[in-house]
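Work through the exercises below with the coordinates open. Each task is followed by a stepwise solution.

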Amino acid sequence: PQPVYAPPVQPPATSPTPLQAAPDRSPGGAVRRVVAVTAYRQPSAQRTPAVVGSPMNRSASQATMPQQATAREASTGSSPVRMKTRPPLVQPPGDTGATNFNDVAGAAHAGVHPGYAISANRTPSRGLPVSASPAPPLNAELSEGAWLEIGGSSFQIKRPLGMGSFGAVWEAVSSDGSTSAVKEILCSSQADLLNALFEGHLLRSFTMPEETGNSKSQSRASPLSASRLPSLLGCETSQLGPDLWRVRLSMTCLPGQPLDAFLRQRQQDLKKSAVSLNSAGKALSEACSLARELMDQLVPAFEEHIAALAYHRDVNAHNILIDWIDGQRPRYSLVDFGLAVDVQCWHGDSQELASPAMRPSRVGQDGASTWHHLDVGGDCRYWPVSAWVQFLLGWTELESDQVLRSEYRTRLDMHSLGLTALQVLVETMPFVDGASSTPGPHPDGLESEAIKELWGLRHAWENYWTMVSPLHSRLMDTFHTGGDWDLLKADCLDDRVHEEMADHLRAIRASIIKTRSAARRC
């Protein structure tokens, strides 16, 4: 059954306005920075056609990236896929009021994108907690010590926590003394506005599934797994100009620091205190425990709370928090759902482009909501091969390979989570005096074989990380500087990046299998 979000609202007084195409800032296609540090856009006419021949995919670190015509398309004479244009999304009224999730049928009847509306209703019976305060002045920016109201609750901003995929996140203290996190997202198009509201809808579903249609999937979910995810406390939307909105989400503040920061510090500490091979056992055991706990804690969160509703699409060491005191069990959490997509919309047919998705989800600038046409998201260092194929060659190439297609449609999060767990294992392993990546035989027999394979696994990981990190840097540099995406893709195709990625990932998998086999013989 279709979920019910709130009673339908009346059609807004303003007339529909079409989505504006992103401005062209590169010779080969359009790249548009919408909000924060990571947002890649492209008009529908620039979508990459499939080029049969090589398995490759697309994706970017904490970003979404465009599918543009590649150099190979030019050489083969193929033309970009022409997509149907969705009906224009309705411009929300300029009056700032409650952010309200509406009944799907009622919203569609009212002419509002199904699932969302900005309305003047001040006390909705269902949907997100809202703020009824008037629009603040344009210079009312978040800063340390500032007070604001979201969802009827007052918060004082304490300090910045970092940047999410599409907005800044701040630590705040409510009037009752509890700590929360506030995320501010600036939206310069209706699609961006809908995506920000979808993030709030998704966070709310983790704690109030009966109001978001997710109650059946969470009927057997444990409160412990839910505590690994942020939950929504309130939402406020303000229109700052004709084509500019601001969405503020208040949510529970999860303990810990970003996992990538923890790993960097951990490696520095380990390098200062290299151990002998004979005393490496305890440190290796601790590394294995940290990696195992990551999987033990976050896999249930996906299974019980996320998988039935959405794909996160940005699982990486920066979006996972770790709260750990030496000698105690670590606590992991997953944050930043700014690139998440609704499962049903994501799995939709490629031809379902004539009308908006009949449920909340992430949408592209042209209104697309299926895996075929949505921009690839996430950190490219954690992409599977299928994501590189989608990025470089387009969806029809994936469609021709059932294995890659299935991986991209259903396994993005699990692949990224598995790579993150492997990163934790490798980067918390001790540095051993005199040991190389492939140490020689050791008199401890079978135990030395397992240690040898672990060092081989570290070597395979380091080879992969050394290869993918410069690509990640170049992708980000191209985005930040408005560089030439066609040139970047042509270079990747010439270098057979997809095949190199596949080779490295196969080497890692083979090393994991060898390590497991050796450990079982100990």
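Predicted model: local features only at pLDDT ≥ 70, side-chain atom pairs only at ≥ 80, totals over all residues.

**Exercise 1**

Task: Classify the packing of helix α8 against helix α13 by angle, and state the handedness of the crossing.

Solution. 
1. Two packed helices are described by the angle between their axes and by the distance between those axes.
2. For α8 (residues 385-393) and α13 (residues 485-494), the angle is about 130 degrees and the axes are 10 Å apart.
3. An angle over 145 degrees would count as roughly antiparallel, and 65 to 115 as roughly perpendicular; the rest, apart from angles under 35, is oblique.
4. α8 and α13 are therefore oblique to each other.
5. The crossing of α8 over α13 is left-handed.

**Exercise 2**

Solution. 
1. On α8, the contact residues are F391, L392 and L393.
2. On α13, they are W485, K489, C492 and L493.
3. The division is 6 nonpolar, no polar and 1 charged.

**Exercise 3**

Solution. 
1. Side chains of opposite charge can pair when their charged atoms come close.
2. D260 pairs with R264, with the closest N and O atoms 3.9 Å apart; the cut-off for a salt bridge is 4 Å.
3. D260 is buried, at 17% relative accessibility.
4. R506 pairs with D503, and here the closest N and O atoms are 2.5 Å apart.
5. R506 is exposed, with a relative accessible area of 53%, while D503 is partly exposed at 44%.

**Exercise 4**

Task: What parts of the chain does the salt bridge between R329 and E293 tie together, and is each partner buried or exposed?

Solution. 
1. The closest N and O atoms of R329 and E293 are 2.8 Å apart.
2. R329 sits in the loop between β12 (320-323) and β13 (331-334), and E293 in helix α6 (residues 281-306), so the pair joins parts 36 residues apart in sequence.
3. R329 is exposed, at 56% relative accessible area.
4. E293 is buried, at 10%.

**Exercise 5**

Task: How many salt bridges does the structure hold, and which residues are linked in a network of them?

Solution. 
1. The total is 14 salt bridges.
2. K183, E199 and D336 are linked in a network.

Note on methods. Residues numbered from 1 in each chain as written. Heavy atoms only, no water. Axes fitted to C-alpha atoms, helices over the stretch in contact; angles between N-to-C directions. Helix = DSSP H or I, 4+ residues; strand = E, 2+ residues; numbered from the N terminus. Left-handed = near helix turned anticlockwise from the far one by under 90°. Contact = heavy atoms within 4.5 Å. Nonpolar A, V, L, I, M, F, W, Y, C, P; charged D, E, K, R; others polar. Salt bridge = Lys/Arg side-chain N within 4 Å of Asp/Glu carboxyl O. Buried < 20%, exposed > 50% of the residue type's maximum accessible area, 1.4 Å probe, protein only.
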